[in-house]
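Please keep the sequence and the three-dimensional view at hand while reading.

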Amino acid sequence: MAHILDQKIRSFKLKIPEFKKMSKTDSDRSWEVLEDAISQILTLNVKYLSFEQIYRTVYSMVLYRCGEVVYRGFVNMMARHLQRIATTLEAVPGSLFLEELNRRWTSYIQSLQIIEDIFFHVDRTYFRPVAKTSTFLMGMNFWKQHLITTPEVRGRLLPALLDLVLRERMGEEKVQGLMSKIIKMLEDLGLYVYDDIFEKPLLDATAAVYRFQSKMAPHELGDCAEYLSMAERTLSEEIKRERVAMCVESRSGPKVTAAVTTEMICNYMLKLVDMVMPDLVLMLVGDKYDDLARTYAFFQFVPGGVAIVCTAMYTHLRATGKYLVADPERLENHVNFVQRLIDQQDKYDKVIRLSVKNDITFQNALSAAMETFVNSSKWAAESISLYMDDKLRKAADLKQVNTTDVEILDKVMMLIPYLHDKDVLKKNYRTNLAKRLLSGGAVSHKMESILISKLKAEFGYPYTSKLERMLTDMETSDDIMEGFTSNLLSGHDSVKESNFSVSVLTSASWPTQPMQICNLPSEILSLQHEFETHYYSAHSGRRLTWLPNIRSAELKANFGFGKEHELHVSTYQTCILMLFNTKDCLTYEEIQQTTGIRCHDLTRELHSLACVKGKNVLRKEPISKDIGKADVFMFNDGFSSKLYKIKIWNVGAQKLMETKRKYTRERVQFDRRPQIEAAIVRVMKSRQILDHKNLVTQVTEHLKSSFVANPPEIKKGIEALIGKEFLERDKDETQSYRYVA
Amino acid sequence: MRKEDTVKLISAEGFEFIIDRKAALVSNTLKNMLTSSGSFTETELGEVRFPEISTPILEKVCQYFYWSLQFASGKETEFHIEPEITLELMMAANYLHT
């Protein structure tokens with residue numbers, strides 16, 4: 001309303017009566033009234049007071065310029081009142097001190113509110129503009145000034161409060177309420193009060209308590225894990241305490257928590273670190289993920305703590321790796337080796353996920369450690385491919401795709417990125433796949449295709465397209481065979497009887513096989529011709545090359561004493577054995593000439609036919625372990641065995657593996673050279689001029705997906721290219737190279 | 001009109017104006033008075049005396065209270081004040097902090 005009136009007045013000129021001034025006596029009398037009223041209020045005895053009267057008194061005093069009287073009078077009055085309270089408080093015995101203080105405080109607050117209401121006008125017009133304060137602030141200041149900061153009161157307040165905290169820590173329930181009220185009072189009085197008076201001593205006391213505890217603890221507990229779990233428990237208790245008891249605006253909370261952690265962990269760090277190392281190992285070995293999580297959480301508080309935990313873990317991992325690799329026996333068993341790799345990877349994955357909350361430093365350290373670990377064995381790539389081979393063979397026996405098997409394959413896939421010699425793995429896998437498909441054993445197409453799709457993700461389409469074609473080749477061969485057998489002329493019933501089957505392979509997709517000659521026995525030759533006719537009639541413009549060194553046959557052999565056995569033999573062995581249909585005795589030379597098999601292979605086959613115990617369907621003279629060029633072979637009439645079906649085919653296969661591996665490795669090394677050179681050319685073409693160091697880095701980058709190139713090799717490549725005049729040394733700087741178009 | 005919802009304002013001459021509590025709360029002074037935590041006589045009885053405010057002024061003040069409630073709800077109307085009472089009205093307004 002005032003603003004409306006204000007407008008009106010401006011438009012009128014009014015006669016304003018004489019401004020009254022209040023006389024001294026009047027103001028003194030008014031003040032007495034006020035004083036009386038305030039003292040009543042301070043004792044909370046306001047029933048018979050009239051607000052309006054008091055308010056009017058204050059109002060008129062201010063209006064008549066006597067505000068200062070009010071102010072000074074108020075200040076003095078409050079001082080006197082509070083001093084009276086202080087003296088009463090001192091008289092109070094120790095245990096009731098805080099309660100009494102609390103009571104007085106609550107009543108003081110109440111009366112202050114009432115005074116505020118009365119002083120509303122004077123507050124607005126006098127206190128704030130002139131005295132630069134407000135009633136409320138004044139009230140707080142008075143309390144602080146006369147009560148809290150007086151040495152007597154303060155001297156008693158502090159120990160009493162700390163005593164309360166101690167008791168509460170020990171588990172007394174009832175003190176919580178009182179404690180929170182007192183603390184709230186200190187807070188309301190202003191930040192400095194709380195901080196100065198209470199917080200600092202509280203933090204000191206807390207620190208002292210926990211310092212003591214942490215000193216005592218290890219002697220009792222002895223185990224890092226236990227100590228940490230105790231620390232965790234204490235910490236959570238303290239936090240709960242803060243929230244409940246102190247109802248602190250969470251200003252103190254983190255400070256106290258920090259104090260606890262400082263005491264229990266940081267100041268104790270060195271000792272803990274010594275304790276941590278062996279205990280961490282225990283935790284890792286025992287899969288104690290909770291303990292690990294706790295360790296991680298606590299060491300986060302310590303600067304550099306996490307790094308210590310991390311290094312500890314990975315030293316352990318590397319040590320385990322070294323131990324594994326140093327054991328040569330273990331190394332031989334490839335499946336075992338890879339299994340252990342996978343287990344370690346699994347375990348650390350879990351650790352990272354559960355205990356360390358996927359901390360990046362840990363993940364990076366794990367990758368680095370795994371890399372050293374995986375590549376610690378020279379034959380790592382071979383082992384992995386053999387492992388996969390083993391798993392796939394086993395899976396082929398099952399009719400359905402087992403999900404656990406798929407998971408295992410996933411895990412193996414995870415190891416592959418760590419490998420340095422990925423191209424070795426690729427080559428080995430292809431050879432193994434070929435062997436699997438052609439061995440005539442069961443093959444689970446589904447599993448194979450699943451693995452191939454995984455490999456596609458890792459190595460890219462060009463590599464896996466060949467593998468896929470290998471699989472489809474097998475299926476196409478089945479179709480062709482069906483067509484063949486159904487289209488046969490009726491005169492060849494023997495064909496159907498003999499169960500002849502051919503697998504047609506596209507030469508580009510399958511690993512290259514050296515050309516072998518073998519003079520097949522006449523029975524097989526006629527079948528071969530038939531098949532060729534059939535195939536060429538269906539697909540003109542294609543050429544078939546026969547590879548006799550791969551497949552197998554099952555022969556029924558009649559031995560002496562009417563014994564009949566079924567022999568599972570390779571094609572070569574079939575040729576050799578069928579020779580004995582016509583002749584009883586043959587020399588090595590004769591066999592070689594008739595069959596046309598290479599000496600190397602022939603020796604091997606004869607060895608498995610004649611020299612292996614329990615499978616010697618041929619007798620040899622002279623009887624010895626090795627095959628010599630002058631040996632004579634005879635059909636072993638007296639051959640006997642408990643089994644009806646005898647597998648002679650893959651006896652020599654084991655020996656092959658070792659040599660094959662070395663051979664594959666050498667081939668890979670050989671293959672790498674052109675790859676390195678191609679990479680160098682690619683890099684130089686885009687950069688034109690590059691210095692040696694950068695070139696090496698770039699080339700390594702390019703080749704990273706296949707294998708880890710080593711600098712000497714690259715240097716050799718560069719030299720070769722300079723010789724071929726693809727590159728030249730820069731005339732100005734000796735270390736740089738220039739691309740020659 | 002129930003007893004709890006109303007307040008009685010008594011002028012210097014003893015005239016009693018009974019108004020809504022909501023209207024009375026327009027004045028900050030009255031608001032403090034009526035909602036004070038202390039148990040003054042005013043809060044007990046629900047009536048306030050103004051020995052220095054005369055009846056026509058107090059009447060105008062009450063009208064103002066109702067007008068301002070209307071104004072707050074959005075309907076704009078003019079509050080008419082006679083020029084003769086302006087000064088005293090202003091002093092009362094200052095006192096009541098309106």
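Lys724(A) has a relative accessible area of 48% and is therefore partly exposed, since the exposed class begins over 50%. The model in which this residue is seen is a predicted one. The side chain of Lys724(A) meets that of Glu677(A) in a salt bridge, with 2.9 Å from N to O. This pair joins distant parts of the chain: Lys724(A) belongs to the loop between α31 (711-723) and β8 (727-729) of chain A, Glu677(A) to helix α29 (residues 653-687) of chain A, and 47 residues separate them. Glu677(A), with a relative accessible area of 14%, is buried, because the buried class comprises values under 20%.

The loop between α31 and β8 of chain A also holds Glu725(A). Although Glu725(A) is not a glycine, its phi is positive, at about 65°. Glu725(A) counts as exposed, because its relative accessibility is 61%. A positive phi, near 70°, is likewise found for Gln688(A), a residue other than glycine. Gln688(A) is placed in the loop between α29 and β7 (689-691) of chain A, and its relative accessible area of 38% makes it partly exposed.

Attention now turns to another part of chain A. Which residue forms a salt bridge with Glu468(A)? The partner is Lys456(A), and the closest N and O atoms of the two are 3.6 Å apart. Here too the pair links distant parts of the chain, as Glu468(A) is in helix α23 of chain A and Lys456(A) is in helix α22 (residues 445-459) of chain A, 12 residues apart. Glu468(A) is partly exposed at a relative accessible area of 29%, and Lys456(A) is partly exposed at 32%.

Helix α23 (residues 461-487) of chain A also contains Glu475(A). Together with Asp478(A), Asp479(A) and Glu482(A), Glu475(A) makes up a patch of negative charge on the surface. Glu475(A) counts as partly exposed, its relative accessibility being 41%. This value meets the requirement for membership of a patch, because such residues must have over 30% relative accessible area.

Glu82(B) lies in the loop between α4 (55-72) and α5 (86-96) of chain B, while Lys60(B) lies in helix α4 of chain B, so the pair ties together parts that are 22 residues apart in sequence. Glu82(B) is partly exposed, with a relative accessible area of 31%, whereas Lys60(B) counts as buried at 11% relative accessibility. Over all chains, the salt bridges number six.

The strands of chain B complete the account. Strand β1 (residues 6-10) of chain B is mostly covered, with four of its five residues buried. In which sense does β1(B) pair with strand β2 (residues 16-20) of chain B? The pairing is antiparallel and extends over five bridges. Within it, Ile10(B) stands opposite Glu16(B) in β2(B). The hairpin of β1(B) and β2(B) has five residues between the strands, and Gly14(B) in this hairpin adopts a positive phi near 100°. With strand β3 (residues 47-49) of chain B, β1(B) pairs in the parallel sense over three bridges, and Leu9(B) stands opposite Val48(B) in β3(B).

Notes: Residues numbered from 1 in each chain as written. Chains lettered and ligands numbered in written order. Predicted model: local features only at pLDDT ≥ 70, side-chain atom pairs only at ≥ 80, totals over all residues. Heavy atoms only, no water. Patch = residues over 30% accessible without salt bridge, like charges linked within 9 Å, V, L, I, M, F, W, Y side chains within 5 Å. Areas by Shrake-Rupley, 256 points an atom, 1.4 Å probe, with all protein chains shown as cover. Salt bridge = Lys/Arg side-chain N within 4 Å of Asp/Glu carboxyl O. Lys, Arg positive; Asp, Glu negative; His and termini not counted. Charge placed at Lys NZ, Arg CZ, Asp CG, Glu CD. Helix = DSSP H or I, 4+ residues; strand = E, 2+ residues; numbered from the N terminus. Buried < 20%, exposed > 50% of the residue type's maximum accessible area, 1.4 Å probe, protein only. Pairing = 2+ DSSP bridges.
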